[in-house]
Amino acid sequence: VDYAPFSDETLDDPLGTYARLRAESPVHYLPRYDTWALALFEDVWSAGADSLHFAQPGPVLEWIGAKEADLIPPAQAEVLEAGASIFIMNPPRHTALRRVIGALFRPGSVAALEPRLRELVRERLTHALPSGRCDVIGDLAARIAVEATCLLIGLPVSDGPFLVEIVRR
């Protein structure tokens, strides 16, 4: 498999590219980046859980190189460069931040929000009724997930659409 994560071919048909990787080269070396790409869920999960042997490479934009960095929207590039996302942190920073925010997402904390979340789902479905259509991911799941997170961390639910737009940039 000729896999280049930022090539036009991959960006135009990511599902086809990743299907080929899973079938033909699930552990794929990328000499240009001197790194490995894992294409199977189990491998990604195992690597993510093993910080002793697997770690993020550092500032992502520096790692991927200037040409590919131009493909990343500026707002997202700022976050990646700053290392501000928990998803690109290594222990011990990741562990400390996860410990702080983890309590917010425990079953009891989330269960306490159930009445309000049901109300939000009803609002979303009521909003979709006139058209008779609902994008379950975009119009319902993504928005409810963001609104639930707002409730969990104490932000106004009304900030949800703004936060969704920030994430999509």
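Is E114 buried, exposed or partly exposed? At 38% relative accessibility, E114 counts as partly exposed, because buried means under 20% relative accessible area, exposed means over 50%, and partly exposed is in between, with a 1.4 Å probe and protein chains only. I will come back to E114 in a moment.

First, what we are looking at. This is a predicted model, in which local features need pLDDT of at least 70 and side-chain atom pairs count only at pLDDT 80 or more, while totals for chains, interfaces and linings use all residues. Residues are numbered from 1 along each chain as its sequence is written, and side-chain values use heavy atoms, with hydrogens and water left out.

Now the overall layout. The chain has eleven helices and two strands. Helices (H or I, at least four residues) and strands (E, at least two) are DSSP runs, numbered from the N terminus. In sequence order the pattern reads α-α-β-β-α-α-α-α-α-α-α-α-α. Of the 169 residues in the chain, 24% are buried. Contact means heavy atoms within 4.5 Å. Take the contacts between residues at least 6 apart in sequence: 36% of them join residues at least 24 apart.

Next, the start of the chain. Rings of Phe, Tyr and Trp (its six-membered ring) pair if their centres lie within 6.5 Å; planes under 30 degrees apart count as stacked, over 60 as edge-to-face and the rest as tilted. By this rule there are three aromatic pairs. One of them is Y3 with Y18: the ring centres are 5.8 Å apart and the planes are at 65 degrees, so this pair is edge-to-face. Y3 sits in the segment before helix 1 (8-12) and Y18 sits in helix 2 (residues 14-24), so the pair ties together parts that are 15 residues apart in sequence. Y3 is buried, at 11% relative accessible area, whereas Y18 is partly exposed, at 30%.

T17 is also in helix 2. Its relative accessibility is 9%, so T17 counts as buried. Leaving out residues up to four places away in sequence, T17 touches Y3, E9 and T10.

Let us move to helix 9 and helix 10. How do helix 9 (residues 114-128) and helix 10 (residues 136-153) cross? Their axes come within 10 Å and cross at roughly 145 degrees. Axes here are lines fitted to C-alpha atoms, for helices over the stretch in contact, and angles run from 0 to 180 degrees between N-to-C directions. The crossing of helix 9 and helix 10 is right-handed. A crossing is left-handed if the near helix is turned anticlockwise from the far one by less than a right angle, and right-handed if clockwise.

Which residues meet there? From helix 9 they are R116, L117, L120, V121, R124 and L125, and from helix 10 they are D139, L140, R143, I144, E147, A148 and L151. By class, this contact has eight nonpolar, no polar and five charged residues. Ala, Val, Leu, Ile, Met, Phe, Trp, Tyr, Cys and Pro count as nonpolar, Asp, Glu, Lys and Arg as charged, and the others, Gly among them, as polar.

A141 also lies in helix 10. A141 is partly exposed, at 36% relative accessibility.

Side chains of opposite charge can pair when their charged atoms come close. A salt bridge is a side-chain nitrogen of Lys or Arg within 4 Å of a carboxyl oxygen of Asp or Glu. How many salt bridges does a search of the whole structure find? It finds five.

Back to E114, as promised. E114 forms a salt bridge with R118, and the closest N and O atoms are 2.8 Å apart. Both residues lie in helix 9, four residues apart, about one turn of the helix. R118 is partly exposed, at 47% relative accessibility.

R116 forms a salt bridge with E123, the closest N and O atoms being 3.7 Å apart. R116 is partly exposed at 29%, and E123 is partly exposed at 41%. R116, E119 and E123 are linked in a network of salt bridges.

Finally, E147 forms a salt bridge with R124, the closest N and O atoms being 2.5 Å apart. This pair links distant parts of the chain, with E147 in helix 10 and R124 in helix 9, 23 residues apart. E147 is buried, with a relative accessible area of 4%. Not counting residues up to four places away in sequence, E147 touches L120, R124 and V157.
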